[in-house]
Amino acid sequence: MLRAVVAAHVGEAAPVGSETLTHLLPMSLSPASVRSVLAELASLELVEKPHASAGRVPTERGLRLFVDELLQAPRLAPYERRTITFSLDEAEADRVVTVASQLLSERTRMLGFVVAPRLERVALCHLSLVRLSSERLLAILVSQDGLAHRRVLEDASGTGQAELDRMAAMLNERVAGRTLPELREALSGEARVLRDQAESLLARAIALGSRAVSAEEDDRVDLVIATRLALLDQPEFRDPERIRGLFAALEAKEWLIGVLDQMIGEGGVNVAFGEEMEEPALRRCALVAARYGRDESPLGVLGVIGPSRMNFGHVIPLVGYLSHAVTEKLTA
């Protein structure tokens, strides 16, 4: 009965009456019998009446039971897997997360998002130093997955571009294959050894490289949302106040990053409901997310935010497959 209530609510975006349920159940039950079972489900807080004369809708507790115990999510259709793989294969490395976010939005008509790889978690392959002005330098850190991370450093030393190129070449001997924490530790150790040679080119390069890979900016999180328009297709978000509240919460994003940081330590596809996320703007919403990257070194999280009345049978395998496809693209 609960499975039938969820299926009908997903399809109609409205409370479900007993008459409708009699046509959806695999056995023959009278409307009176259906109402009796619905009353039992209501006593267990699995369904509720939003209005006195309305039909029933699943509660978040009911949806949690449905997702955890009743849902048999099919594999994604082969044509959909091929389309996703083709779209990601055609994308440049620095566009992969944007394309993934777009695909999630287009294929669910909800809000697809990707938390871009944090610099702390990726292996680096190259560092460049570029003189911007007499007082500023640009440090460009390129990761092995092809993403570029830029940092502006204050520097009034007067070091010219030719000398910066030589310093970058020295640093690149130490950069390749290391993550930021590993590189920081290596440069810190060399700086101690070179303390008596502070004016040498190598010592200056090590000091500048240490500043370029400092931890100051590593907590910045890049939340990529390619489009927000798809969410407006959902009846629940035609209320301007509700959509405004959700977008404001996304701009603040602390709550989302907290939830996703929890998820990144878990494997598979995870589902969280509004009350579980403790964010008022997500009342009667759901979040479906999965980490991407290898199990031993996850890079980030991707997923979908939408009404709790979402088609979990399609969204869960879609998020799972995107997680796999993005991992393959960025770690190939």
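Start by selecting helix α9, residues 201-212: its twelve residues reach 16 Å from first C-alpha to last, close to the 16 Å expected at 1.5 Å a residue (the expected span is 1.5 Å times one less than the number of residues). Helices here are DSSP runs of H or I with at least four residues, strands are E runs of at least two, and both are numbered from the N terminus. You're in a predicted model, where local features need pLDDT of at least 70, side-chain atom pairs count only at pLDDT 80 or more, and totals for chains, interfaces and linings use all residues. Numbering runs from 1 along each chain as its sequence is written, and side-chain values use heavy atoms, leaving out hydrogens and water.

Stay on α9 and show A203, A205, I206, L208, G209 and A212, which are buried (under 20% relative accessible area, with exposed over 50% and partly exposed in between; 1.4 Å probe, protein chains only). They pack against β4 (124-133), β5 (136-143), β6 (148-154), α7 (161-175) and α8 (180-193).

Next, pick α5 (78-90) and α6 (96-108). Their axes come within 10 Å and cross at roughly 150°; axes are lines fitted to C-alpha atoms over the stretch in contact, with angles from 0 to 180 degrees between N-to-C directions. So α5 is roughly antiparallel to α6 (over 145 degrees). Show E80, T83, I84, S87 and L88 in α5, which meet V96, V99, A100, L103 and R107 in α6 (contact is heavy atoms within 4.5 Å).

Last stop: R284, in the loop between α12 (274-277) and β9 (285-294). Its phi is positive, about 55°, although R284 is not a glycine.

Terms used. Parallel < 35°, antiparallel > 145°, perpendicular 65-115°, else oblique.
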